Amino acid sequence: MSLKEPVLCKRIPTQPWGNPKDRKIITYDQYVKTGGYEALDKALGMEPAQIVDLVKDSQLRGRGGAGFPCGLKWTFLPEPDGGRRYLCVNADEAEPGTFKDRLLIDYDPHLVLEGIAIACYACQLDTAYFFIRGEYRHQAQVVENAIQEAYEKGIFGDKGLMGGKSKFKVECYLHRSAGAYICGEETGLIEAIEGKRAWPRIKPPFPAVEGLFGRPTIVNNVETLAALGPIVEQGAEWFKKMGCESSIKGPPSFGPKLMGVSGHVNTPGVYECDLGIPLSTLVNEYAGGMRGGKKFKGAIAGGISMGILGPDQFDAEMDFDIGKKYNVMGLGTACPTIFDEDTDMVAVARNIARFFKNESCGQCTPCREGAQWIYKLLCRIERGDATSKDLDLLLEIAGSMGIMPGTTICGLADGNNWAVRTIVNKYREEFEARVRPSCVAVGMTVGTS
Ligand SMILES: Cc1cc2nc3c(=O)[nH]c(=O)nc-3n(C[C@H](O)[C@H](O)[C@H](O)COP(=O)(O)O)c2cc1C
Ligand code: SF4
């Protein structure tokens with residue numbers, strides 16, 4: 001198996017990294033031998049603005065969850081004024097069910113570092129912080145070693161990018177997270193790098209204008225950055241041949257995407273697919289089909305904050321339209337967790353609610369208190385102690401928390417909101433079978449939670 005092209009240049013899932021059993025970290029020398037850092041070399045021969053235009057033209061959308069157009073975000077930066085400008089690499093990856101960035105870091109760290117160097121040059125950012133999930137100890141070591149190699153080879157450091165090919169100097173540091181889901185929210189991440197508690201900031205100002213240490217900052221996901229080298233090397237048209245146009249007259253979903261499949265499938269793993277692949281194809285042709293030949297019951301769309309695809313949505317296309325078309329929040333990280341026919345959806349909802357109640361940072365009352373109440377109500381429903389009024393109350397609380405209803409600072413509460421509401425609404429009978437009519441049970445439920 002050749003290690004030649006980085007994964008994002010290939011159309012075969014994860015094959016450039018070789019067979020999982022004998023996969024090894026691709027070192028600097030191996031990476032260079034197989035064409036690595038040629039994209040950076042090419043980029044440094046272009047004007048920074050040309051690279052921004054190329055990325056805009058490719059219509060690359062952020063791979064961290066929100067799908068925001070990468071090139072457009074870069075244009076929000078003010079003109080350089082001689083002061084510091086930052087890139088924050090978001091490798092927090094704490095969304096349950098999501099493990100795609102880990103694979104990129106594990107096996108192809110220089111693909112990500114090359115993307116970092118390209119982004120820094122294009123946006124004229126002189127300092128990059130690689131912010132990595134606290135639990136990713138092994139991966140942190142891999143990144144640390146790769147950064148050291150890159151410095152030794154002159155990619156970063158004093159001489160300027162690529163040993164002085166460009167006079168523009170970039171410093172790159174690893175920063176390990178203390179370990180909390182909220183550290184992945186871009187302004188929480190910025191606060192954490194500043195050495196503070198990872199409390200998300202009210203926006204505006206957006207990080208591009210006033211970010212890390214009050215300076216212009218771009219926050220990009222690992223996979224977004226990993227796509228830059230291949231785009232520079234092979235062009236925007238190449239990238240746009242993969243993926244799909246929007247079927248609802250929205251922005252397109254171009255390019256390949258790493259999709260991590262977990263849950264009740266035969267071969268869970270990370271697969272590289274075109275955006276737009278039906279979930280059923282991803283499960284049956286990539287992830288080995290449903291475990292034990294069981295029936296599909298539902299799937300977390302792409303990280304638990306996106307909500308759930310119901311039993312009749314197995315053919316949902318995995319692209320950025322998925323939210324509007326299938327009543328989930330969005331594609332998120334495109335890492336679905338699959339449930340078979342035996343799954344207790346009330347238990348799934350309770351488990352998800354437990355996560356959000358533990359991870360709310362506590363700044364906003366609707367999120368902090370709402371998350372506690374949602375969890376308590378779901379425990380009550382699961383135990384069989386709830387009434388139908390509790391079910392209504394659950395939906396009311398969930399529906400009122402989040403940025404979208406305008407009651408919270410960040411999107412963690414929206415994640416809780418969508419996860420709970422979509423599960424209850426799409427599996428309503430299962431929840432109703434566990435509650436008693438409110439008139440019979442009012443007296444009986446007092447003091448049960
Ligand atoms: C609660 C919460 C957690 C998040 N966690 C991550 C994460 O672990 N990794 C990530 O890339 N983006 C995460 N995001 C999204 C980031 O705020 C941000 O949109 C993203 O890093 C931008 O990168 P992109 O444009 O390349 O996708 C999170 C958002 C929220 C609200
Ligand atoms: S929505 Fe929740 S996690 Fe986000 S800032 Fe408010 S309390 Fe913190």
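Q: Which residues come nearest to ligand 1?
A: G62, G64, G184, N221 and T224 come nearest, out of 23 residues around ligand 1. Keep in mind that this is a predicted model.

Q: Which element gives the largest share of that shell?
A: Strand β4, residues 217-221, with 3 residues.

Q: How do the shell residues divide into nonpolar, polar and charged?
A: There are 8 nonpolar, 9 polar and 6 charged.

Q: And where does ligand 1 lie relative to the domains?
A: Between domain 1 (7-240) and domain 3 (345-445), because both give residues to its shell.

Q: Switching to helix α15. What should its 15 residues span?
A: At 1.5 Å a residue, α15 (residues 345-359) should span 21 Å. The end C-alpha atoms are 21 Å apart, which agrees.

Q: Which of its residues are buried?
A: M345, V346, V348, A349, R350, I352, A353, F355, F356 and K357.

Q: What covers them?
A: The cover includes β11 (337-340), α16 (365-383), α18 (412-426) and α19 (428-432).

Q: Now the backbone. Where are the cis peptide bonds around P204?
A: One joins K203 and P204, with omega about -5 degrees. Another joins P204 and P205, with omega about 5 degrees. P204 sits in the loop between α9 (186-193) and β4, and P205 lies in that loop too.

Q: What about phi at Y37?
A: Positive, about 65 degrees, although Y37 is not a glycine. Most residues other than glycine have a negative phi.

Q: Is Y37 buried or exposed?
A: Buried, because Y37 has 21 C-beta neighbours inside 10 Å.

Q: And K249, buried or exposed?
A: Exposed, with 7 other C-beta atoms within 10 Å. K249 also has a positive phi, near 60 degrees.

Key
Residues are numbered from 1 along each chain as its sequence is written. Chains are lettered from A and ligands numbered from 1 in the order in which they are written. This is a predicted model: local features need pLDDT of at least 70, side-chain atom pairs count only at pLDDT 80 or more; totals for chains, interfaces and linings use all residues. A residue is near a molecule or strand if its C-beta atom, placed from the backbone, lies within 6 Å of it. Helices (H or I, at least four residues) and strands (E, at least two) are DSSP runs, numbered from the N terminus. Ala, Val, Leu, Ile, Met, Phe, Trp, Tyr, Cys and Pro count as nonpolar, Asp, Glu, Lys and Arg as charged, and the others, Gly among them, as polar. Domain bounds come from an automatic or database domain assignment. The expected span of a helix is 1.5 Å times one less than its number of residues. A residue is buried if 20 or more other C-beta atoms lie within 10 Å of its own, exposed if 12 or fewer, and partly exposed in between; C-beta atoms are placed from the backbone. Two residues are in contact if their C-beta atoms, placed from the backbone, lie within 7 Å.
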